Each structure stands twice: as structure tokens, then as C-alpha cells.
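Here is a short briefing to read alongside the model. Have the sequence and the 3D view open as you go.

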Amino acid sequence: MWGLPLLLLVPNIALVFTEPHYSWAVRAANILLPGGVYMLLASWSRNVGRTALYMLPVMALCAFQIVLLYLYGESIIAIDMFLNVATTNVSEATELLGSLGEALAVVCALYVPLLVIAVILIVNKRFTTSAERRPVRFAGAVLAAGGIAAAVTAFFLPQGYRPMRELFPVNVCANMVEAAERTALVRGYFDTSADFSFGAKDTRKESAPEIYVLVIGETSRAENWQLGGYGRDTNPRLGARDGVVYYSRTLTESNTTHKSVPLLMSHLTAKEFGDSIYSVKSVITAFSEGGYRTAWLSNQQRNGQIIDFFGEEADTVDFLTDDGSRHFDMELAGSLADVINTTGSRKLFVVLHTYGSHFNYKERYPEGYGKYLPDDASEAEAVNRAQLINAYDNSIRYVDAVLDSVASVLESTGRPAAMLYLSDHGEDIFDDSRGRFLHASPTPTAHQLHVPMLVWLSEAYRGKYPGKYEAALDNAQLDVSSSRSAFHTILSLSGLVAKCYDPEAAVTEECYREPRRMYVNDYNEGVALGASGLRKQDIALLSEDGISM
């Protein structure tokens, strides 16, 4: 009766120290109110063993929260975390869980003995007496009353109080409900988007059969790109290729794949995302309306989400992983060549969705490819950072080789062709004292938001449309939002126009205008980047790279 409430309070106690925006009253309410309720529940029945088993769902949430705090060092279980769990593939989950041995051991040490004791009490029919329950009930009532008083006080403080976002586990349960509602919206996507049209038209109908390729990267952060000033040789091929324009001041508007990729493929920005993503179509449809042959080539597994739905808008749809085996991204270049060979004289638009630099980094490139060694550490621990960085840098070198191969395929056709590359988000790799790892954390970091972006134009394209190349070069040192610019830049390159086309968002236009920095938070609200949860060290890092807030 005393141990169960205490162990269930572990996440609440941790959140008091990890959430600097909580007022003193919110902190007090976050411990006293749940603690009092747990004690009242633990002493409700004389069969305390059975009560402990009834509380198993709460223990599961507590365990999930502890693992999350181990990974990110702050924040509650976000809506996006529940969606990530529901949409990730088995191999990704296995790789991640295999690296979290320490966190899982802590969770097991906390809650498995409690469950064992509960079973023993039930089997032995050990029941509590009224005298044993009475002091627990009294303590629970006192704590709950104090928690209610603290909550009421919090409502009147300048920071206010939002229990549905700040009181664990109420906030996590609310997030679960929201995740379920979003899942229902995804399932109804085809109905809500059925009537959408870009009204796209080709302003170059008489031009040669041009080719445009949008390459969506995965988990690539700008600070490890040699093109952006990184000290290691991670871009040897692109650095030597003509026609490459790199945008070093690019930020994404989301640190989660299921938001960032739809943002890259649609005309939406952070401001419109939450209200509109379920009723729009992707850039593939825009090119189809403009008369292009379209293809979606992916090295990701299907997950039944909007990314898949966008991909299925194409004339040719190929998920390499449908055969159940692992593939490297270089195969996408070969698939692109096959599509080009079978397209004939029609104009062509292709989206390549890569696996990029997703953890486990060592698995993203072929055996023997790595330059930086040793690179075989797979456990997510700060002591392994040097090896993790080696493996990560090797994965970026492989991305470099893949993009160079895509450019070679396009150049070999002799046609006007262009490639736009952007990563969906970046990654934390134990970069500072916070010890954060991976991406999709409830609050972002500079490492997760600062992403690489580049445009490559073939020799034939540069010769035919020199103004686009000049504009791309002129805008290379300006602030860019990949989420805002991807759709409009690829349309600008192709000469397509649509009712939602904004030339001021295209980095290949003279009229390009720098964006207001925005972010899609966990509640799908478009907020100013400064309100995203970035810490001082993140803002300092971005400032060092010349990126304004």
C-alpha cells in the first residue's frame, strides 16, 4: 500500500526537475494530487495484490515515461510518440530497443518486483486489515487535498495551469486520446481529400522531356555535412560536382517523420498543417495535373499513413522493402534509371524516399564502405559517442554517393534535369550535457532542426534556364525553411504553376523571401520557433551558424 504509490510517483518526481516551465504550484500539484489518489486507490480494497495488478496500465505509462526521460531528458509522452510507436516498423523498433538496455533494466527493477509481490499476495490470500488501511487512506486524503489546493493556486498564477498538458498521467491519457483521433482522421483521408485539386498547368508544354527528382532524406543533420563546413570528408562527390547549390541555413518545421515528410511533399507550412493535412494532396498530383509521368520509389516500409497515401498518387509506385529484405539506398538510383528508360518521351517527376541515416547508423551503408573507424558501436550510450559519430559520418558519405549517382543517371540522359534534396529532420547524438539521442523528442533541439538542403541542376538545364541557376546561387546564403520551400522550389524548377504556388517561397526565384521561423508542436499547432521548447544552447548553436530566429 505504501510502495505502490511511491513507485508510481517516480515519473512525477522526475518531471518536477526536468520541466523548467512548470510553476511551483504546478510542481506541487503534480506530486501531491496523483500521490494522494494513488494512496487512496491502494488502500481501497483489502486485496492490495489485486489492486496492484489493476494498476498495471498506469505502471506501463510510468515505464514508458521513464524510458522517454532516459532518451530525451525532459517532457511527457507526446502524441507524436504514441503515433511513432504505432507506425514504426519492426526492424526500427528492434534496433532501438536493443540500444536501451540500461533504461529497460531500470524500469524492470522498479516494477517487476512489485508485480511479483502482488501475485504472491494474491496466491497466498494475504489481505490487509482496516487498521493497516486507515493510515494510508488518511495520508492519501491529506495529499490529495494539498494537491487540489496547489492546482487551484496554479490557475491564478501568471503561467496558468493546464492539467491536460501538465498533470501526469492525466496529460498522457489525453495525448493517447488525441493520437487515436488523429489515427481516425488518417483512415478517413481518402474521403476528406477526394475533391482536392492544385489546378496545376505546365508553362513549358513545348519543351524537351525534362526530368525532376525530389529526394527525401532521413535523419540527416546539417552539422555533419562537409558542404556546410564540417571538418570531415563527408561529401567528396557532391563537393566535386558542377551544378550543386547547398543551403546551409535550412531548418525543418518538424522533428518527426510523419509530419515533416508530408510538409515537404505538400504546399502546407506549420501554420496550416494541423487543420489541412487530411484534406490536401501532394506535389505528385500537381505534376500529374501538369501532364508529367510520375513515380514514387521508396526504401521505407509501408505504414499506412499519409506518406504512403501521397506516394500512391504516382503512376509508378515501388516500395523496395515489399519483398521483405533489407535494401541500401543506392538501389533507388538503379530504379530511377529503369523508370527513365520506360518513360519514353514524356516529362517525368520522381520522388525518392530514402532510409538515409536512420539509427542504427552502421546498418545504413554496405559492409566495408565505412571510412571512419571504429564504427560498430550499436548501443545508445554516451560513452560510445565517438563510434556512433563515425558510423553516422559514414552514412552521410553514403548519402553523398547516392545523390551523386542520381545526378549521374540524370546527366547521362542529356535532358534538362534537376534534383532537389532535403532531409526530413536531424538527430541528437549525445552532443552536450543533456545526453539526448535520436529525434522526434517532444521538444526539439538545434541538431534535430538544422537540416541539409541542396539543388543540383544538369548542364542541359543550366544552359536552358540560366536564370534559375543564378537565383539559386544568389539565395544560397539566406534563411530557408525546407518545409515551406520544397513544394514551391520543385514547381519553380519545372515551370509548373498552381493555385497555391508561391514564387516567394522558391529558392530558385529572384523574388525569394526569407521565412518566419515556425514549428509544428506536438498538438499540431504552428508556433513561432522560439516557443517550440528550444533551449539557450540550441539558440546559440543556430546563431553560430548564422541562422536567425
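Ala418 sits opposite Leu457 of strand β11. Strands β8 (residues 417-423) and β11 (residues 453-457) pair in the antiparallel sense over five bridges; pairing requires at least two DSSP bridges between two strands, and strands are DSSP runs of E with at least two residues, helices runs of H or I with at least four, numbered from the N terminus. This is a predicted model, in which local features need pLDDT of at least 70, side-chain atom pairs count only at pLDDT 80 or more, and totals for chains, interfaces and linings use all residues. Residues are numbered from 1 along each chain as its sequence is written, and side-chain values use heavy atoms, leaving out hydrogens and water.

**The sheet**
- Seven strands make an open, mixed sheet in the order β3-β11-β8-β2-β7-β5-β6.
- β3 (244-246) and β6 (316-319) are at the edges with a single partner strand each, so one side of each has no neighbour in the sheet.

**Helix α22 and its contacts**
- Helix α22 (residues 482-494) lies across β2 (211-217), β7 (348-353), β8 and β11, and runs at about 175 degrees to β8 (axes are lines fitted to C-alpha atoms, for helices over the stretch in contact, with angles from 0 to 180 degrees between N-to-C directions).
- The axes of α22 and helix α13 (residues 257-265) come within 6 Å and cross at roughly 35 degrees.
- Leu263, Leu264 and Met265 of α13 make the contact with Ser482, Ser483, Ala486 and Phe487 of α22 (contact means heavy atoms within 4.5 Å).
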